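Please read the following note beside the sequence and the coordinates.

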Amino acid sequence: MAFVEVSFITHILYEIGEGLVKITDVEAIYLRLPEIDALRCDGTQDTLLIRIHTDAGITGIGEVDSSPEVAKAIIEASASHLISNGLKNIIIGEDPFDREKLWNNMFHGSSYYGRQGAAIHAISGIDMALWDIVGKTAERTTAQMLGGVYRNRVKAYASLVMPETIKDACLLAEKFMDMGYKAIKFGWGPFGADDYFDVEAVKAIRSVIGERTELMIDIGQRWDAKHAIKMARRFEEYGVHWIEEPLAPDDLEGYAMLSAATDIHIAAGENESGRKAFERLIKEGRVDIIQPDLGRCGGLTEGKKIADLAYAEHKMIVPHAFKTGILVAASTHFAASISNGFLMEYTVSDSPLARTLVQNPVLFKDGYVHLPDRPGLGIEIDPDAEARFRV
């Protein structure tokens with residue numbers, strides 16, 4: 001039976017209260033490049049692909065941004081006892097429409113070893129795939145199923161690892177400005193190790209991209225609060241839009257000091273998992289830009305709760321998405337469906353895994369990603385790419 005026919009039938013069954021879709025299998029598929037540079041902070045070198053199967057023939061796709069082997073073990077683990085179980089065991093046979101119930105069951109069932117970190121990362125990928133299934137079954141986009149579409153396109157910034165030389169950074173900046181980007185971020189690499197280099201790099205990049213392009217800098221957790229305040233004041237001259245993760249993730253007092261001392265926005269959150277961690281970051285850290293990664297923070301279900309927390313405190317959400325086209329698609333639907341989403345990260349890594357895994361990636365044009373109009377996340381995995389990078 002064709003997919004459209006199956007989707008239509010299951011949709012009608014739900015309309016009359018006879019929901020028959022059940023989860024039959026969960027695949028956690030480890031993908032990686034042949035060679036990994038462990039000294040490079042680049043999440044596009046590997047990933048954990050999640051594929052959830054149902055008895056209606058509808059399959060959901062998700063992605064985990066974590067250590068793939070660790071998250072895979074959490075998903076596939078055998079049961080130990082009531083609150084120490086593998087996530088796959090917890091959701092097999094369940095209804096994918098019960099997303100809140102399934103999220104809470106996974107959280108409770110892994111609480112002996114989880115509650116945050118890798119266990120929440122693993123839940124994130126499963127949750128993402130469930131939302132894909134629900135959208136496909138209802139023949140609606142994930143953004144529509146999340147509560148409605150505030151915008152059909154989302155401004156996207158080119159996200160790059162900082163090269164070793166300022167000259168190379170300027171060449172990259174020029175390249176992506178020519179491609180239509182209206183915002184750009186450089187991060188990690190040599191940033192944060194030498195004050196003179198940092199200032200000269202920001203100054204040079206600004207001269208290339210002009211005054212109207214937004215420039216963001218990711219320091220990669222290399223400073224303390226007082227040093228960050230000093231450097232932020234130097235960056236203010238060059239119109240830096242935000243400084244991302246200059247401090248250790250747990251230095252909430254330092255983040256509050258920094259946010260109060262500079263006019264530059266302070267961004268953080270990609271390392272956090274679960275709404276409680278984000279509540280602390282918002283209320284105690286007082287950061288300006290909240291950056292949940294939907295492959296880490298708890299997926300779309302928890303992401304919506306985090307967005308609500310941020311909205312209540314008048315904070316903006318910019319989802320972190322330095323992975324493959326799966327996470328980019330989920331982030332696009334998420335940013336389109338929340339009132340406080342105005343910008344998102346768009347991975348421009350040249351990693352063949354990131355570039356080829358999704359065969360119909362979210363469209364980027366004229367500085368914006370455009371919301372897919374296909375059911376669910378609206379993407380398909382390229383089987384050749386999956387086979388090529390599968391471990």
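Contact here means heavy atoms within 4.5 Å, and buried means under 20% relative accessible area, with exposed being over 50% and partly exposed in between (1.4 Å probe, protein chains only). Helices (H or I, at least four residues) and strands (E, at least two) are DSSP runs, numbered from the N terminus. This is a predicted model, in which local features need pLDDT of at least 70 and side-chain atom pairs count only at pLDDT 80 or more, whereas totals for chains, interfaces and linings use all residues. Residues are numbered from 1 along each chain as its sequence is written, and side-chain values use heavy atoms, with hydrogens and water left out.

1. Helix α8 and its cover. The buried residues of α8 are D195, F197, D198, V199, A201, V202, A204, I205, R206 and I209. The elements that cover these buried residues include α7 (166-178), β5 (183-187), β6 (214-218), α9 (225-235) and β7 (240-244).

2. Geometry and ends of α8. The expected span of a helix is taken as 1.5 Å times one less than its number of residues; for the 15 residues of α8 (residues 195-209) this gives 21 Å, which agrees with the 21 Å between the end C-alpha atoms. At the start of α8, a side-chain oxygen of D194 comes within 3.2 Å of the backbone nitrogen of Y196. After the helix comes G210, which has a positive phi, near 85°.

3. Helix α10. In α10 (residues 252-261), the buried residues are L252, G254, Y255, L258 and S259. They lie on the same side of α10, because they cover an arc of only 155° around the axis, the arc being that of the directions from the helix axis to the C-beta atoms. On the other side of α10, E253 and A260 are exposed. The cover over the buried residues of α10 includes α9, β8 (265-268) and α11 (275-283).

4. Nonpolar cores. A nonpolar core is a set of buried Ala, Val, Leu, Ile, Met, Phe, Trp, Tyr and Cys residues joined through side-chain atoms within 4.5 Å. The largest one has 85 residues, of which I184, F186, F235 and I326 touch the most other members. The largest share of this core, eight residues, is supplied by α13. Apart from this core lies another, of 25 residues, with A28, I58, A122 and A129 among them. In soluble globular proteins, nonpolar side chains tend to be buried together.

5. The surroundings of F235. If neighbours within four places in sequence are left aside, F235 is in contact with D198, V199, V202, I217, W223, V240, I243 and I264.

6. With a salt bridge defined as a side-chain nitrogen of Lys or Arg within 4 Å of a carboxyl oxygen of Asp or Glu, the structure holds 20 of them. One joins E386 to R51, with the closest N and O atoms 2.7 Å apart. This pair links distant parts of the chain, as E386 is in helix α15 (residues 383-389) and R51 in strand β2 (residues 46-54), 335 residues apart. Both E386 and R51 are buried. Another salt bridge is that between the side chains of K323 and D65, at 3.5 Å from N to O. Here too distant parts are linked, K323 being in the loop between β10 (316-317) and α13 (325-336) and D65 in the loop between β3 (59-64) and α2 (68-76), 258 residues apart. K323 counts as buried because its relative accessibility is 2%, and D65, with a relative accessible area of 5%, is buried as well.

7. E76 and K72 form a salt bridge whose closest N and O atoms are 2.9 Å apart. These two residues are four apart in helix α2, so they are separated by about one helical turn. E76 is partly exposed, with a relative accessible area of 42%, and K72, at 25% relative accessibility, also counts as partly exposed. Elsewhere, salt bridges that share partners join D46, D65, E270, R296 and K323 into one network.

8. A loop residue. Is D42 buried or exposed? D42, which lies in the loop between β1 (23-32) and β2, is buried, with a relative accessible area of 11%. Leaving aside neighbours within four places in sequence, D42 is in contact with F322 and S349.

Conventions
A polar contact is a pair of N or O atoms within 3.5 Å; within protein, one must be able to donate a hydrogen and the other to accept it, and residues adjacent in sequence count only if both atoms are side-chain atoms.
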